[in-house]
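Please look through the sequence and the structure shown below, and keep both at hand while reading. The report that follows takes up a few kinds of contact one after another.

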Amino acid sequence: TLALKEAADFETKSSYAVTVTASDGENTATQAVTYTITDANDNAPVFTSNAAVSIDENTTDVVTLVTTDADTSQEVTYSISGGADADDFAVDQATGALTLKVKPDFESGKTSYAVKVEANDGVNTTVQAITVSVNDLNDNAPVFADANYDISIVENTKGPTLLETTDADAGSTVTYSLSGADADDFEIVNNTLALKEAADFETKSSYAVTVTASDG
């Protein structure tokens with residue numbers, strides 16, 4: 001019986017050639033023998049796509065899953081296999097496109113997701129854990145503390161009023177600008193709205209101005 005000393009591994013060596021000599025003590029005969037190794041699906045897929053992903057809020061695309069397989073046949077299908085946020089994800093079995101079902105909103109308090117994905121080559125399976133971090137975008141407008149500033153001031157004063165806004169986005173810097181009928185009569189200094197000159201009731205008893213807050 002002719003046999004290899006070690007089990008064949010297609011991925012290491014796919015064929016062997018050996019010459020066998022038979023002898024009866026006086027006469028010999030030789031025979032060339034070629035072993036061709038058939039590839040078996042004995043290697044699991046290996047993920048090469050990122051396991052840690054960062055995406056912007058308001059987008060559902062996460063990552064396209066990519067694997068390599070040492071075996072000749074590399075037809076891999078993908079699926080969700082678990083993880084804390086598995087129900088929030090979907091994956092295209094053929095292309096490996098991993099997506100969130102709903103656009104993430106950083107301000108909702110959910111800023112990261114965890115999911116496990118699975119690659120299967122028909123015989124072997126590999127699982128990879130993926131973490132997704134959500135980036136905060138400047139997608140919220142500033143909100144004034146008061147919806148309408150209806151202010152009464154005493155004449156001979158400039159009626160300074162502190163402008164206050166909040167912004168749901170982190171790190172937003174708010175600037176103010178003026179428009180409207182009496183915009184030229186006002187100025188903003190250190191977020192404080194005031195008349196440029198002290199009011200005189202006998203000259204003008206009311207002013208109207210529009211203040212616009214912008215976070216850039």
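## Aromatic pairs

In this predicted model, the structure holds five aromatic pairs. One of them joins F144 and Y149, whose ring centres are 6.1 Å apart and whose planes meet at 80°, so the pair is edge-to-face; the cut-off for that label is an angle over 60 degrees. F144 has a relative accessibility of 24% and counts as partly exposed, and Y149, with a relative accessible area of 28%, is partly exposed as well.

F144 also pairs with Y176: here the ring centres lie 6.2 Å apart and the planes stand at 45°, so this pair is tilted. Because F144 belongs to strand β12 (residues 143-144) and Y176 to strand β15 (residues 175-179), the pair ties together parts that are 32 residues apart in sequence. Y176 is buried, with a relative accessible area of 16%, since the cut-off for buried is under 20%. Taken together, F144, Y149 and Y176 form one aromatic cluster.

## Charges over rings

K13 lies over the face of Y16, at 5.2 Å from the ring centre.

## Salt bridges

How many salt bridges does the count come to? The count comes to two salt bridges, and each can be followed from the atoms in contact to the parts of the chain that carry them.

In one of them, the side chains of K110 and D85 meet with a distance of 2.9 Å from N to O. K110 lies in the loop between β9 (97-100) and β10, while D85 lies in the loop between β7 and β8 (89-91), so the pair ties together parts that are 25 residues apart in sequence. Is D85 buried or exposed? D85 is buried, with a relative accessible area of 11%, whereas K110, at 31% relative accessibility, counts as partly exposed.

K204 counts as partly exposed at 31% relative accessibility, while D182 is buried, with a relative accessible area of 12%.

Strands of a sheet pair through backbone hydrogen bonds, and they may run either parallel or antiparallel. In this model, four strands form an open sheet in the order β4-β11-β10-β7, with mixed pairing. The edges are taken by β4 (52-56) and β7 (77-82), and because each of these has a single partner strand, one side of each is left without a neighbour in the sheet. From one strand to the next, the twist averages 35°.

Within this sheet, strand β10 (residues 112-120) and strand β11 (residues 125-135) pair in the antiparallel sense over nine bridges. Which residue in β11 is the bridge partner of K116? The bridge partner of K116 is A129.

Terms used: Residues numbered from 1 in each chain as written. Predicted model: local features only at pLDDT ≥ 70, side-chain atom pairs only at ≥ 80, totals over all residues. Heavy atoms only, no water. Pairing = 2+ DSSP bridges. Helix = DSSP H or I, 4+ residues; strand = E, 2+ residues; numbered from the N terminus. Axes fitted to C-alpha atoms, helices over the stretch in contact; angles between N-to-C directions. Phe/Tyr/Trp six-rings, centres within 6.5 Å; stacked < 30°, edge-to-face > 60°. Buried < 20%, exposed > 50% of the residue type's maximum accessible area, 1.4 Å probe, protein only. Lys NZ or Arg CZ within 6 Å of the ring centre and 35° of its normal. Salt bridge = Lys/Arg side-chain N within 4 Å of Asp/Glu carboxyl O.
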